[in-house]
2 protein chains.
Amino acid sequence: MCSEPTIKRLSVYHKYLKEVEASGQEFISCTKIAKNLHLLPIQVRKDLSITDIVGKPRVGYHIKDLRDSLDRFLSFGKGVKACLIGAGNLGYSLLRYKGFDEYGLDIKFVFDNNPDKIDTYIDGHQVLDIKNMAEHLSKTEIDVGVLTVPRVYAQTLANKLVECGVKALWNFAPIRLLIPQNVVVKHENIAGSFLVLASRIKQIR
Amino acid sequence: MCSEPTIKRLSVYHKYLKEVEASGQEFISCTKIAKNLHLLPIQVRKDLSITDIVGKPRVGYHIKDLRDSLDRFLSFGKGVKACLIGAGNLGYSLLRYKGFDEYGLDIKFVFDNNPDKIDTYIDGHQVLDIKNMAEHLSKTEIDVGVLTVPRVYAQTLANKLVECGVKALWNFAPIRLLIPQNVVVKHENIAGSFLVLASRIKQIR
């Protein structure tokens, strides 16, 4: 399977090829892709070798074929069913952000424990009472639990999600979750990311 | 300077210590911190050694002192002045997300080129016409340009921001930016992050 940076770059090629395709162009060279995305041609060639598409000499890749192939390759996101827990600012932001939609993330449920939020709607998603989570998840199989809750609740909710049979957790709470080995977990720390940037600015100041 | 993972973990300790401090506790051991954050004690001890605080045998760290020290250490985020370009869904989400505030990110300006958005307000920030960016930035020094624009605009805007004297770019557009060596750049790819998670789910399916 591909490494994390490779998958991220593949998503970038995919987006870029859709743009170029929409402009009516038919072929594109590896060098051109590399130039426009500010990568090394050798990197682009290596990354794109995971597809079954071979570029023709002097002409390059057939754009539609390459995009189709990347569509298939990146289709692992298609139909990934998720529930999001925690309809606070971060949860709200993720629900509004459309960047996942094209890769197929399907947020089936949104849960919160705040009576003021329960039964309100965020971007078309009804906020449900967290108390009824197990019941909802027993009826609809969910792949990923997205945790946008305060740290103190994260592990308990992660345990419940695992009990309910989720295969993966996408954790935005500032804690390393302890979960069984057969469950995938990915941690995000956006505020920490800002601190990293800020520390680098300090170095050059 | 610390590595990216270290800084992210320090932000996690910082958040955690504020919680413990608020509960009235006075001392905490390295083992306890490690246990509650699901890290190895040796890791925590090493990370916290960047502060000037030494834990006492059998008692541990003085929580307030340790938190104060982390406050100082993580203060590089304080007063970092930013402008955000692109008031679309992602820009909107970042403006609403409060996770950066405690580390001091100060978003001074929000720019967009869409007449429907210009002069509207997002979370208290007036959306300004991108045409007037250079003028605004000549009057108020800005450290970081946050780019939440479509890929095609990202490099041009990055160049303009560099001309205006920003020290760093925080880029959420799916492109590697070409920038002078003395400018810091940090790339984020949240949609790509979802794909990475999805690819791991596929592996265990």
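**Cavities, pockets and the chains around them**

Analyst: Let's start with a bit of strand pairing. In chain A of this predicted model, β5(A) is joined by two bridges to β6 (residues 125-129), and the two strands run antiparallel. Zoom out and you get an open, mixed sheet of seven strands in chain A, ordered β5-β6-β4-β3-β7-β8-β9. β5 (121-122) and β9 of chain A are the edge strands, each pairing on one side only.

Still in chain A, the chain splits into domain 1 (4-73) and domain 2 (80-192). Taken over C-alpha atoms, the centres of these two domains are 33 Å apart.

Now for how the two chains sit together.

Searching the whole structure turns up two cavities of 30 Å³ or more. The largest holds about 80 Å³ of space, and its lining is made of Leu90, Ser93, Leu94, Tyr97 and Ile190 from chain A along with Leu90, Ser93, Leu94, Tyr97 and Ile190 from chain B. The elements giving two or more residues to that lining are α5 (89-96) of chain A and α5 (89-96) of chain B. By class, you'd count eight nonpolar residues, two polar ones and no charged ones around the largest cavity.

The second largest cavity, at about 30 Å³, has a lining from chain B: Leu84(B), Leu94(B), Phe100(B), Leu105(B), Ile107(B), Val146(B) and Trp170(B). Here the classes come out as seven nonpolar, no polar and no charged residues.

On to the open spaces. The largest pocket has a volume of about 1,000 Å³. Its lining takes in 37 residues, and nearest its centre are Glu4(A), Lys8(A), Glu4(B), Lys8(B) and Glu188(B). Here's where β9 returns: α1 (4-22), β9 (184-187) and α8 (190-204) each supply at least two lining residues, from chain A and from chain B. By class, the lining of the largest pocket has 18 nonpolar, seven polar and 12 charged residues.

The second largest pocket comes in at about 840 Å³. Of its 39 lining residues, Thr148(A), Val149(A), Pro150(A), Arg151(A) and Ala173(A) are the closest to its centre. From chain A, α5, β4 (106-112), α6 (133-139), α7 (151-163) and α8 each give at least two residues to the lining, and so does α1 of chain B. The top contributor is α7(A), with five residues. Sorted by class, the second largest pocket is lined by 19 nonpolar, 10 polar and 10 charged residues.

Conventions
Residues are numbered from 1 along each chain as its sequence is written. Chains are lettered from A and ligands numbered from 1 in the order in which they are written. This is a predicted model: local features need pLDDT of at least 70, side-chain atom pairs count only at pLDDT 80 or more; totals for chains, interfaces and linings use all residues. Side-chain values use heavy atoms; hydrogens and water are left out. On a 1 Å grid over the protein atoms alone, a cavity is a set of points where a 1.4 Å probe fits but cannot get out, and a pocket is an open set with protein on both sides within 12 Å along at least five of seven lines; lining residues have an atom within 4 Å of a point. Grid points are joined across faces, edges and corners, and a volume is the space filled by probe spheres set on the points. Helices (H or I, at least four residues) and strands (E, at least two) are DSSP runs, numbered from the N terminus. Ala, Val, Leu, Ile, Met, Phe, Trp, Tyr, Cys and Pro count as nonpolar, Asp, Glu, Lys and Arg as charged, and the others, Gly among them, as polar. Domain bounds come from an automatic or database domain assignment. Two strands pair if DSSP finds at least two bridges between them.
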